[in-house]
Amino acid sequence: MGEPHVVTLRATRVGDLDALFLIERDPVAVEMAAFTPPDPGDRATFDAHWRRLFADPGVDARTVRADGDIVGSVARWLDEGTPEITYWIDRAYWGRGIATRAMRLFLDALGERPVRARVAADNAGSIAVLEKLGFELAATESGFANARGTEIEERVYLLA
């Protein structure tokens, strides 16, 4: 499992993007996340996406750090008025409780409820994180997963 880490969040800044781009290009993580940009290696698209996030006052994006090192990101945006969250943790740090701790910090700071999250139905790790945080399965949908090139089942979770 590895040693416990001190997990902190800070508002994402431009200087974090190089590290986040590398983390989000990992082919195993991309396959697991499923719902990704068509080409996770396209830096121009990645940067354009982050420019939109930085400009949107409805988005709260934070960089996840473990022992001071950038290990991922968490974000909240509004989807038809409902807060929706997402996170991405460097695969090298999976299985160490970092995602759960980062999401707990983020949810506590947001204080918004209900909050929705979506996950590929076969992403057992993310499902476990959401369930540990009290999210409950609200629906299943089908959506096109760029990383897999096909429609897959997606689970929609809600934290009331």
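Good morning. The model I am describing is a predicted one.

A99 belongs to helix α4. Is this residue buried or exposed? A99 has a relative accessible area of 13%, and because the limit for burial is under 20%, A99 counts as buried. For a sense of distance, consider A139, which is 40 residues from A99 along the chain; the C-alpha atoms of A99 and A139 are separated by 23 Å.

Let me turn from that residue to the sheet. Seven strands form an open sheet, and their order is β1-β2-β3-β4-β5-β7-β6, with mixed pairing. At the edges stand β1, residues 7-11, and β6, residues 136-145, each of which pairs on one side only. From one strand to the next, the twist averages 30°.

Strand β3, residues 69-79, and strand β4, residues 82-89, run antiparallel and are joined by eight bridges. Within this pairing, D79 stands opposite T82 of β4. The loop between β3 and β4 contains E80. The phi angle of E80 is near 55°, which is a positive value in a residue other than glycine. E80 has a relative accessibility of 80% and therefore counts as exposed.

A second residue with a positive phi is A34, where the angle is near 70°, and this residue too is other than glycine. A34 is found in the loop between α2, residues 27-33, and α3. How accessible is A34, buried or exposed? The relative accessible area of A34 is 0%, so A34 is buried.

Helix α4, residues 98-110, lies across β1, β2, β3, β4, β5 and β7, and runs at about 150° to β4. Helix α5, residues 124-132, lies across β4, β5 and β7, and its direction is at about 160° to β5. In the loop between α4 and β5 we find P114. R113 and P114 are joined by a cis peptide bond, with omega at about -5°.

I now come to the nonpolar cores. The largest nonpolar core has 26 residues, and the members that touch the most others are V64, I85, I98 and F135. Which elements give two or more residues to this core? They are β2, β3, β4, α4, β5, α5 and β7. Helix α4 gives the most, with seven residues. Another core, apart from this one, has 13 residues, among them I23, A29, A61 and A75.

To return to V64, its contacts reach several parts of the chain. Leaving aside residues up to four places away in sequence, V64 touches a list of residues including V7, L9, V71, I89, I98 and A102.

My last topic is the aromatic residues. How many aromatic pairs does a search of the whole structure find? The search finds three. In general, a pair of aromatic rings is described by the distance of the centres and the angle of the planes. The rings of F46 and W50 have centres 6.4 Å apart and planes at 55°, so this pair is tilted. F46 and W50 are both in helix α3, residues 43-55, four residues apart, or about one turn of the helix. Another tilted pair is formed by W50 and F54, with 5.5 Å from centre to centre and 50° between the planes. W50 and F54 are separated by about one helical turn, because they are four residues apart in helix α3.

The accessibility of these residues also differs in class. F46 is buried, and W50 is buried with a relative accessible area of 4%. F54, by contrast, has a relative accessible area of 38% and is partly exposed.

Ring pairs link F21, F46, W50 and F54 into a cluster. Finally, the charged end of R43 sits over the ring of F21, at 4.9 Å from the centre of that ring. Thank you for your attention.

Conventions
Residues numbered from 1 in each chain as written. Predicted model: local features only at pLDDT ≥ 70, side-chain atom pairs only at ≥ 80, totals over all residues. Heavy atoms only, no water. Pairing = 2+ DSSP bridges. Axes fitted to C-alpha atoms, helices over the stretch in contact; angles between N-to-C directions. Contact = heavy atoms within 4.5 Å. Phe/Tyr/Trp six-rings, centres within 6.5 Å; stacked < 30°, edge-to-face > 60°. Buried < 20%, exposed > 50% of the residue type's maximum accessible area, 1.4 Å probe, protein only. Lys NZ or Arg CZ within 6 Å of the ring centre and 35° of its normal. Core = buried A, V, L, I, M, F, W, Y, C linked by side-chain atoms within 4.5 Å.
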